[in-house]
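Here is a short report for a first look. Start with the view below, then read on.

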Amino acid sequence: MPNPIVTFTSDFGVHDWFVGVVHGVVHQICPAARLVDITHTIAPGDVAAAAFVLEACAHDFPPGTIHLAVVDPGVGTGRLALAAAAHGQMFVGPDNGVLDWAFADGGARVHVLRDERYFRHPVSRTFHGRDVFAPVAAHLAAGTPIERLGPPHAKPARLATPRPRAVDGRLDGRVAYIDRFGNALTNVGADAVAAAFPGVDARALTVEIVGRRIRGVTQSYGDAPIGTLVALIGSSGRLEIAEVGGHAASRFGFGRGDPVVVHAGD
Amino acid sequence: MPNPIVTFTSDFGVHDWFVGVVHGVVHQICPAARLVDITHTIAPGDVAAAAFVLEACAHDFPPGTIHLAVVDPGVGTGRLALAAAAHGQMFVGPDNGVLDWAFADGGARVHVLRDERYFRHPVSRTFHGRDVFAPVAAHLAAGTPIERLGPPHAKPARLATPRPRAVDGRLDGRVAYIDRFGNALTNVGADAVAAAFPGVDARALTVEIVGRRIRGVTQSYGDAPIGTLVALIGSSGRLEIAEVGGHAASRFGFGRGDPVVVHAGD
Amino acid sequence: MPNPIVTFTSDFGVHDWFVGVVHGVVHQICPAARLVDITHTIAPGDVAAAAFVLEACAHDFPPGTIHLAVVDPGVGTGRLALAAAAHGQMFVGPDNGVLDWAFADGGARVHVLRDERYFRHPVSRTFHGRDVFAPVAAHLAAGTPIERLGPPHAKPARLATPRPRAVDGRLDGRVAYIDRFGNALTNVGADAVAAAFPGVDARALTVEIVGRRIRGVTQSYGDAPIGTLVALIGSSGRLEIAEVGGHAASRFGFGRGDPVVVHAGD
């Protein structure tokens, strides 16, 4: 690609210089890259949140995109640094589960970052975002084959992310993320709903969350009056619960991990 | 233009992946574009605030700039999606008033976004920023003529923005926006002041706001001692009230909608 | 450089349009530039914080980088506007100390911004970021020699930044900055430690901060159990105090200006 996209997700915040420095490293090595900040306000060390964000947005980027994800509480310890080729894209980050989605279908080619020619020197013990991950992502963007970075790695760290379970005619899931608009995004994908309730009209499903019961899975935020709680398949392809014109999470107290149940009928 | 500027204003916040995804879509379609974030912390659904920001900053961008503005509480309903050519620039957003300034002089060429070849597919019901507005802005940046996007539209939605009124030798306006520095920007432009008080020296004007009386319209924040409340024509060409070295809005309780009066003499 | 890096540090915040407008000006004058935001959440008018950030990150950018720093409470008054060539890079900002680090080694070539051909017109009295500093930075990026901007300036404003002092076998410093992770970065550089304690193993040093005593200067956040307070040389080459897996500043109440003492032995 003449102008490869490099995305960047971290817990670096926006108050310090850490994000800017990473941008500088990428631009220096691969000036043609288009560097796209996903978010840098992941709570410090919240690997699971970063992994969720990466999974939610990676679909939306074109083949060949390189995703740089640095939430790295173990920086400076023995944890490995990885690059993975998966889903037609590439992923760079620490071996702590932040790249979980890259390994989801079992088809990832994973390499340990070992060849120091692709690092920035000297390599600090505390800022591998700058010294290891950013330069490697930039070299991948500039065309370096992933195999050159280091040896293959068979067992990358995975997250113990709860997956939805279909039992006794119901689908048990959880709230996975609260977005800015207060929408509760779940770990229940549209495909899981379709598989659990074959042939059932979405309007005949019921969604339960924290004592609330929502009749029907709708299609947009605008289908019901202001203040109504609705369940819909959102833009990242998963079941979400939203308040029309409001902030469902703060009004109803929804939070990450809350159980969500889908069943047919009332 | 070899490197067209695309600005981006939204209420998407900076914590989720929504802004990043829009960047990805624009870069994929028009890698030459220079994508400039204006702000993404417009309060959710605050169309008027986004319209104000767009009006305040559009002047500062060169001819040919494309402004993408997505504050879209009606996404997924019947509201139209628009592109407009006005003031030598282009504007893309929902038909809810967010593009109000584009229509201010009556000379805009407005088109409904209808030709789905310029959309991203599949088009979700909840994220037209990604699927409709961003790809259209990028195609405009890449040179697609606005006429190709869809049929002309004669009656775009306008905002009921209060305009300043000159009556009985005084000019009645309102606070339109509080900026980071606590400055109260008004809806009173420098031209309205000049028209209402022809030949009057700015130093002979008096500005009243929430019980405070300011003698003279000055030229910069630094013309008076720290803590002084001053009235000046700010960098976006409108009357603003500032505290030298302080945060006027929090100290004096100024807020959007507060009345501001300008008159000659004491 | 075909794609010069322009960094941008300010107190403009991220809620208004000020940062976006500056980006637009730079892209218009020098589309090839890679514009990197360092931070825009410097507290309004906090020149010292911006100077610290600039010093902390400039090392990490390649030669030829142009650093634009706009924390400018004196905008519109008589304060000068400057450009400086130093440390193989260039620096643009007001003459109020924000560029302090550029002058640290005495080798800077400093010029007053006087030639208005390099400004944006009309020049406002309140937004020199847009009208003076950004266009000058962009012209430098596009190859304009610094000498053309205006006459040399012999006495740029300096900050009265406290420097660490070695006395009686101890090194007295201060906390200079609290970062997002709650780490307390000090004004004590690794070189000052080495000079004050020649031949002493870092593990034999003791660091005291606000009544806390830390044995040994370690190498990474991960060397000790969660909750431990550690002293280390951080990624910007200075002594910092961190809590492993925690936020030291909020837990222990560390703040800018707090005294930090290093000595050998217990």
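## Helix α1 of chain B

In this predicted model, α1(B) is mostly covered: 10 of its 12 residues are buried. Buried means under 20% relative accessible area, with exposed over 50% and partly exposed in between (1.4 Å probe, protein chains only). Among the buried residues are B:Phe18, B:Val19, B:His23 and B:His27. Helices are DSSP runs (H or I, at least four residues), numbered from the N terminus.

At 1.5 Å a residue, the 12 residues of α1(B) should span 16 Å. That expected span is 1.5 Å times one less than the number of residues. The end C-alpha atoms of α1(B) are 17 Å apart, which agrees.

## Packing against α3

Helix α1 (residues 18-29) of chain B packs with helix α3 (residues 128-141) of chain B at an angle of about 35 degrees. Their axes are 9 Å apart. Axes are lines fitted to C-alpha atoms over the stretch in contact, and angles run from 0 to 180 degrees between N-to-C directions.

From α1(B), B:Val21, B:Val22, B:Val25, B:Val26 and B:Ile29 take part in the contact. Their partners in α3(B) include B:Arg130, B:Ala134 and B:Ala138. Contact means heavy atoms within 4.5 Å.

## Notes

Residues are numbered from 1 along each chain as its sequence is written, and chains are lettered from A and ligands numbered from 1 in the order in which they are written. Local features need pLDDT of at least 70, side-chain atom pairs count only at pLDDT 80 or more, and totals for chains, interfaces and linings use all residues, while side-chain values use heavy atoms, with hydrogens and water left out.

Conventions. Helices (H or I, at least four residues) and strands (E, at least two) are DSSP runs, numbered from the N terminus.
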